[in-house]
Amino acid sequence: MRVDLTETMGPSPTVVRSSDFAEAMSVLANGVVMVTSWVDGRPWGITVSAFTSVSAEPPTVLVSLWSDTASARALQEVGSFGVSILGRHHRAAARHGSRRGASKFLERFADRNGRGRSPSVAGALAHLDCDVTEQVQVADHTIFIGRVRNVRTADGEPLVYFRRAYRALAPYAKPSTRRRTPCLSS
Ligand SMILES: Cc1cc2nc3c(=O)[nH]c(=O)nc-3n(C[C@H](O)[C@H](O)[C@H](O)COP(=O)(O)O)c2cc1C
């Protein structure tokens, strides 16, 4: 039987504007991490939300970095990186690590007693030391796949990024006080 693909595939694809795409992504609440490395022998950290766990066995993560940055080049050169998962008290560190065009040396926020192979942010909720096992170039970003070699964890509440602003978690509101969920519009 012949299938009419034009019908099953729906209307022809339209070009999505990057500003619309960014707007849609801004409503996905993310945790915030600092991806760390070494630059000229000094600790370096960039603020990142595109971080995720890939596999537990073996422990594997990925981070996606804009390719044309000193941070991405550092990961490529060093061949390893750290991930510090930020707490709600880390807004200043997050701002420091996301300043466009600025150096991202981390001494001010680094854990001076950190024993890991990668620099870590003092007071991070968790820190992972990773070796780069693969790099995948996608559009203008490089996805670094990292094998986790060491982890440390601590207590605390997370830093959250939502609608282009830093937030802290709040207790879930009781159903009676919640407003009706508005419909999505396109
Ligand atoms: C909350 C937040 C999350 C970010 N997530 C990423 C990310 O996942 N990947 C990335 O390359 N840049 C991310 N950025 C932007 C970088 O922190 C940084 O500003 C950008 O790469 C420019 O760095 P450069 O000036 O060293 O080139 C994020 C910024 C903020 C504020």
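## Basis of the description

The structure is a predicted model, in which local features need pLDDT of at least 70 and side-chain atom pairs count only at pLDDT 80 or more, while totals for chains, interfaces and linings use all residues. Residues are numbered from 1 along each chain as its sequence is written.

## Overall fold

The protein chain has four helices and 10 strands, where helices (H or I, at least four residues) and strands (E, at least two) are DSSP runs numbered from the N terminus. Read from the N terminus, its elements follow the order α-α-β-β-β-β-β-α-β-α-β-β-β-β.

Of the 186 residues in the protein chain, 27% are buried; a residue is called buried if 20 or more other C-beta atoms lie within 10 Å of its own, exposed if 12 or fewer, and partly exposed in between, with C-beta atoms placed from the backbone. Among contacts between residues at least 6 apart in sequence, 66% join residues at least 24 apart, a contact being a pair of residues whose C-beta atoms, placed from the backbone, lie within 7 Å.

## The seven-stranded sheet

Seven strands form an open sheet in the order β3-β2-β6-β7-β8-β5-β4, with antiparallel pairing; two strands pair if DSSP finds at least two bridges between them. The edges are held by β3 and β4 (51–56), each of which has a single partner strand, so one side of each is left without a neighbour in the sheet. From one strand to the next the twist averages 35°, with axes taken as lines fitted to C-alpha atoms, for helices over the stretch in contact, and angles running from 0 to 180 degrees between N-to-C directions.

Strand β2 pairs with β3 in the antiparallel sense over seven bridges, and four bridges join β2 to β6, again antiparallel. V33 has V48 as its bridge partner in β3 and stands opposite I85 in β6. Five of the seven residues of β2 are buried, so this strand is largely enclosed by the rest of the structure. Further along the sheet, β5 and β8 (residues 141–153) are antiparallel partners over seven bridges, with S64 opposite I143 in β8. The helix α3 lies across β2, β3, β5, β6, β7 and β8, and runs at about 60° to β2.

## The three-stranded sheet

A second open sheet, of three strands, has the order β1-β9-β10 with antiparallel pairing. Here β1 (30–31) and β10 (165–168) stand at the edges with a single partner strand each, so one side of each is left without a neighbour in the sheet. Two bridges join β1 to the antiparallel strand β9 (residues 159–162), and G31 is placed opposite V160 in β9.

## The nonpolar core

A nonpolar core is a set of buried Ala, Val, Leu, Ile, Met, Phe, Trp, Tyr and Cys residues joined through C-beta atoms within 7 Å. The largest one has 29 residues, and those with the most contacts inside it are V33, V35, V83 and L86. Among the elements that each supply at least two residues of this core are β2 (33–39), β6 (80–85), α4 (91–96) and β7 (126–138). Leaving aside residues up to four places away in sequence, L86 touches V32, V33, M34, A93, A94, V121, A124 and L159.

## The ligand shell

Around the ligand there are 17 residues, of which S49, A50, W66, T69 and S98 come nearest; a residue is near a molecule or strand if its C-beta atom, placed from the backbone, lies within 6 Å of it. At least two residues of the shell come from each of β3 (42–48), β5 (59–66) and α3 (70–78). By class, the shell has eight nonpolar, eight polar and one charged residues, where Ala, Val, Leu, Ile, Met, Phe, Trp, Tyr, Cys and Pro count as nonpolar, Asp, Glu, Lys and Arg as charged, and the others, Gly among them, as polar.

## Local backbone features

A cis peptide bond, with omega about 0°, joins E57 and P58, and P58 is found in the loop between β4 and β5. P59 has its place in strand β5 and counts as partly exposed, with 16 C-beta neighbours inside 10 Å.

In the hairpin of β2 and β3, which has two residues between the strands, D40 takes a positive phi near 50°. A139, in the loop between β7 and β8, has a positive phi of about 50° although it is not a glycine, and is exposed, with 8 other C-beta atoms within 10 Å. R164 lies in the loop between β9 and β10, where its phi is near 60°, and it counts as exposed with 9 C-beta neighbours inside 10 Å.

Conventions:
Contact = placed C-beta atoms within 7 Å.
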